[in-house]
Amino acid sequence: MSLLATALLYSGPNQTGASLLTGIGSGDRYGLIPNSLLSSRGLIDSIASGRLDCSAADLNLVMFHNNDYTGQFFQISLSGTQGETTFWHTGQVNSALLIASNNSGANEHRIGFVGIFRAEWDSFLDHQLQGSQVTRDVDPLLTWQMFPASDQWLSSNLTYLRIHQPLHVHMPWYWPDYQASVDYNVELYVTSDNHLRAWVADYEWWVESGAKSGQIGAKLDPQARAGMSALQTELNQKLTETDLFGAVKAVYYLPDRQLSPIGTGTFGGDTGNDITIVIQT
Amino acid sequence: MTETATEGGLGATTTNKTTTEAVSVRSIAAAKPVPGPGLLGGGKTTQQHPAYGRIPVNPRRFEPPSDFWLPDWARTLVDQNATPEQVIRAAIDRVVKGHSEQTLVEAQTVINELSRSVDHAKIVTTVLTRETLNPLLARKA
């Protein structure tokens, strides 16, 4: 085992102050820098500078505003061919990820989660909700859940695509309507015959507080549960398009829309805008 | 649209205005929605996970093992009154001589424990040069 990349993070400008050494091995994809680690090193909102080194892949240091690898982020990327750089940074950081990308010897195909699935989602959900008192509310959030630490149905070692859909529950007579939402967490994986496929790991729902919450929840639950299997079929049908890329070796994610490698540079965005699905062949 | 104060760039802070491009984050604030008071529910799938063609790799975690304390080689150096620089170099040498999960975790943990102090972080910076990192990264000089 050798190292693919190292990242030295400093609390002061120009590589001064206390430091934290992190790195990822040659077989790794992600390195986690959780809120607890940043906190123990006094680096919450205080990563002021750093140094990145890498060899056989590009290295992306992604610093998130939220403590669960979501929300707005700022990314510093280093091309494997350049190999080293220093950087400066100011602003909020509550969690961070190291992500290896563009590994030498692998071909990459990048697609946007929103681009590939947004239109299908609307028609899929409308079909699922047909004949019920529930309709889609505002636009869905197509995002990710990275290594969820406190979700009873998901693994803290895995990464998920997450679909969050606000719903509107229409009530009869003069009863005020209810807000609700449904979430699906989806794992993309490589099959034994090297295709990319989806597995819907769980469903979650929420109904706003009120005398009828329980009744609405009782009706929503079986609908949402039944949606898992239908969604998986829909996603897998869409993913057959990726069979054209050839035998898939790996899949991983980058935040927001990064359809081309940045090389060496910076990028700012939000995990709520989109997620880039990177397929290596 | 919300604008954050987050920005950064390549190179040194004092020279970024002329030699690097700073990028400000401008994006919709679409953080993970937190539902208000209400009723929550859900469940995991009952379908068995299909066989993996490639087992997903566990993420690398940097928090030291809870039972970590000084490895013997480091304790010996400390007992011999070695300098922090000597301990850091010894940690790196052990990784260069034998890359393994254990040598990497040991080196990282010893270096990160030392670099809690600003003065020792300076020594880490001095030792971890491109030349030092080249063999660790299997990178040509």
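Which strand of chain B does strand 3 of chain A pair with, and in which sense, parallel or antiparallel?

## Pairing between the chains

In this predicted model, strand 3 (residues 30-33) of chain A pairs with strand 4 (residues 60-61) of chain B. The sense is parallel, and two bridges join the strands. A:Gly31 has B:Arg60 as its bridge partner in strand 4 of chain B.

## The contact between chains A and B

On the chain A side, 85 residues are in contact with 66 residues of chain B. Strand 14 (residues 196-208) of chain A contributes the most to the side of chain A that touches chain B, giving ten residues. By residue class, that side of chain A holds 39 polar, 33 nonpolar and 13 charged residues.

## Strand 6 of chain A

Strand 6 of chain A covers residues 72-78, and seven of its seven residues are buried, so the strand is largely enclosed by the rest of the structure. A residue counts as buried here when 20 or more other C-beta atoms lie within 10 Å of its own. The burial applies to both directions: A:Gln72, A:Phe74, A:Ile76 and A:Leu78 point one way from the strand, while A:Phe73, A:Gln75 and A:Ser77 point the other way, and all are buried.

## Partners of strand 6

Strand 5 (residues 58-64) of chain A runs antiparallel to strand 6 of chain A, and six bridges join them. Within this pairing, A:Phe64 has A:Phe73 as its bridge partner in strand 6.

Strand 16 (residues 265-270) of chain A also pairs with strand 6 of chain A in the antiparallel sense, over six bridges. Here the bridge partner of A:Gln72 is A:Asp270 in strand 16.

Conventions: Residues numbered from 1 in each chain as written. Chains lettered and ligands numbered in written order. Predicted model: local features only at pLDDT ≥ 70, side-chain atom pairs only at ≥ 80, totals over all residues. Buried ≥ 20, exposed ≤ 12 C-beta atoms within 10 Å, placed from the backbone. Helix = DSSP H or I, 4+ residues; strand = E, 2+ residues; numbered from the N terminus. Pairing = 2+ DSSP bridges. Contact = placed C-beta atoms within 7 Å. Nonpolar A, V, L, I, M, F, W, Y, C, P; charged D, E, K, R; others polar.
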